[in-house]
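This briefing goes through one protein model by topic. Sequence and structure are shown first, and the notes follow.

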Amino acid sequence: MSDEVVKQPHQLWTGAHYNEGIGRDDIFDKLREECGVFGVWNVPHASSLSYYGLHALQHRGEESAGICTADSTQDGKFNYHRGMGLVKEVFTQEVLETLTGDAAIGHVRYSTAGESKLANAQPLIFKYRKGDLAVATNGNIVNAPSIREELENLGSIFQTSSDTEVIAHLIARSSKDFVGAAKDALQRIIGGFAFLIMTNNKLIVASDPHGLRPLVMGRLGNGYVFASESCALETVGAEYERDVQPGELIVLDENGMTIDRFAPLERRATCAMEYIYFARPDSDINGINLHSSRKRMGQKLAVEAFVDADIVTGVPDSSISAAIGYAEQTGIPYELGLIKNKYTGRTFIQPSQELREKGVKMKLSAVRKVVEGKRVVMIDDSIVRGTTSLRIVNMLRDAGATEVHVRITSPPFANPCYYGIDTPDRKELIASSKTVEEIRQAINADSLYFLSHEGLIDAVGGNDGAKNRGMCLACFDNDYPTPVDFSSDKSCSC
């Protein structure tokens, strides 16, 4: 047999489907939001509406998508479809035509390692003694492992590894009616979550007692629409009504809408990273427009850490608003020094470092004629491990930038999240073990500055009377609004 090595053809992806495990071995170690939810009540063609709503929320999860409808003309019969991939790949016109009904819940998901499978795609669908049950959520249940162990000891058989299944078992085991059972179940779980729970004739909408994960309500004709972000309401033509309040329980059925609570409002603590990075800039959270708040972050950075330079550029897409704010505040021209290729999908996983670096340039490019010979202020939203910042700084230098000054629109990210953001372990977060000066050296920047806690809070705005003006800053200050088990697996529940 010949000793010649047979070269295998390059694979575009390593999993069974496109986007499997997306982000887990990505060139760019950006933080990942876990999920997005979309719900419809009493609106014809609810599946088509959900399709467009989920498409608007695609940035919140690119690995799987699902829609479950309830058809009131057929005693609330469930029709559902879930699949791996992007919304436009999972749902064809033929599929949508089979999803009849005037009520629906939908979901987009980004998973963590080892959980990229159809069984965990949402909405999760169950049969129980009182009919059909569908559940979709965005967030993480901190105490799910202990509840799951308790339920398994009592005989429950779990079909998925998703924490979301816990609430279905709690509801199914209750002797109360559906609303009472759902209320009891929500009172037992701890964490950050936005739930849509649907039966054949009811829809329950709930937000955790701290409002950690965003959830908004809109009106469309005689019906209602719910979404993780307000941009999805705009997409389907729904009129924004308000944000779902922390601890609130909204019940929709044939009698209309009932507003209840399953828990009192505790400390409002909406995730700061929603404002900084995750949500689309055309969305509003708690009445605050994200493009405007990000511009203010850039302006605050300019006041706190001005540096004389020739141009300002933002790392696309989330940092562009802040870069515009920095430029306006300083008078330094804003330029498109970095361009993102939106159509590469997952970076090719290649064996050599040389080819991996080419993968970087497939996703992001420096505009040589813009940055060459210039002192550049590079605005970004966060530094996680530091590898991304190093690659981008070096990319700007390779394109001829004479100086690269990095400005970050958040404080140092030093602590993992337990509420539905996929973050590395604490030891992998560069800010948990290095000083700002050490990080500057690690990313090869001429200077580095992180926005202060006070600057971030002032830029976002919010409730003057609440702690941190209503934000959770645990990833920066280690002050978690709920009890957490620091030794547990904090992976995504969605």
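How many contacts beyond four places in sequence does the model have for residues 346-353, where pLDDT stays under 50? The model has 19 such contacts for that stretch. The structure is a predicted model, and the mean pLDDT of the protein chain is 89.

**Confidence**

- Of the residues in the chain, 87% reach a pLDDT of 70 or more.
- Residues 1-25 have a pLDDT below 50, and the model gives this stretch 39 contacts beyond near neighbours in sequence.
- Residues 346-353 also have pLDDT under 50.

**Annotated cysteines**

- An unreviewed UniProt entry places the feature "binding site" at Cys271, Cys417, Cys472 and Cys475.
- These positions are spread over 205 residues of sequence, yet they cluster in space, with a largest C-alpha distance of 10.2 Å.
- Cys271, Cys417, Cys472 and Cys475 belong to the lining of the largest cavity.
- Cys417 sits in the loop between β22 and β23; its relative accessible area is 9%, so it counts as buried.
- Cys475 is part of helix α16, which spans residues 474-477. Its relative accessibility is 10%, so Cys475 is also classed as buried.
- Beyond neighbours within four places in sequence, Cys475 is in contact with Met273, Pro412, Phe413, Ala414 and Asn415.
- The UniProt annotation "active site", again from an unreviewed entry, covers Cys35.
- Cys35 lies in strand β2, residues 35-41, and is buried because its relative accessibility is 0%, under the 20% cut-off.

**Threonine 409**

- Thr409 is located in the loop that runs between β22 (403-408) and β23 (421-422), where Cys417 is also found.
- Is Thr409 buried or exposed? With a relative accessibility of 2%, Thr409 counts as buried.
- Outside four places in sequence, the contacts of Thr409 include Ile276, Met297, Leu301 and Ala322. Among the others are Ile379, Asp380 and Asp381, together with Leu451 and Leu456.

**The parallel sheet**

- Four strands make up an open sheet with parallel pairing, in the order β18-β21-β22-β24.
- The edges are β18 (311-314) and β24 (447-450); each has a single partner strand, so one side of each lacks a neighbour in the sheet.
- On average, neighbouring strands of this sheet are turned by 20° against each other, direction ignored.
- β18 is joined to β21 (residues 375-380) by four bridges, and Val312 has Val377 in β21 as its bridge partner.
- Helix α9 (residues 290-304) lies across β22 and β24 and runs at about 125° to β24.
- Helix α13 (residues 387-398) packs on the sheet, where it touches β21 and β22; the angle between its direction and that of β22 is about 150°.

**The antiparallel sheet**

- A six-strand open sheet has antiparallel pairing and the order β6-β7-β8-β9-β13-β14.
- Five bridges pair β6 with β7 (residues 131-141) in the antiparallel sense, and Lys127 stands opposite Asp132 in β7.
- Ala206 is in strand β9, residues 203-207. A relative accessibility of 0% is why Ala206 counts as buried.
- Leaving aside residues within four places in sequence, Ala206 touches Leu186, Phe193, Ala194, Phe195, Leu215, Glu248, Leu249 and Phe262.
- Ala206 and Arg261 are 55 residues apart in sequence, with a C-alpha to C-alpha distance of 8.6 Å.

**Helix α1**

- How many of the 11 residues in helix α1 (residues 46-56) are buried? Eight are, and the helix is mostly covered.
- The buried residues of α1 are Ala46, Ser47, Leu49, Ser50, Tyr51, Gly53, Leu54 and Ala56.

Note on methods. Residues numbered from 1 in each chain as written. Predicted model: local features only at pLDDT ≥ 70, side-chain atom pairs only at ≥ 80, totals over all residues. Heavy atoms only, no water. Helix = DSSP H or I, 4+ residues; strand = E, 2+ residues; numbered from the N terminus. Buried < 20%, exposed > 50% of the residue type's maximum accessible area, 1.4 Å probe, protein only. Contact = heavy atoms within 4.5 Å. UniProt positions renumbered as here; feature names shortened; annotations may be inferred. 1 Å grid on protein atoms, 1.4 Å probe; cavity = no way out; pocket = protein on both sides within 12 Å on 5 of 7 lines; lining within 4 Å. Pairing = 2+ DSSP bridges. Axes fitted to C-alpha atoms, helices over the stretch in contact; angles between N-to-C directions. pLDDT = per-residue confidence, 0-100.
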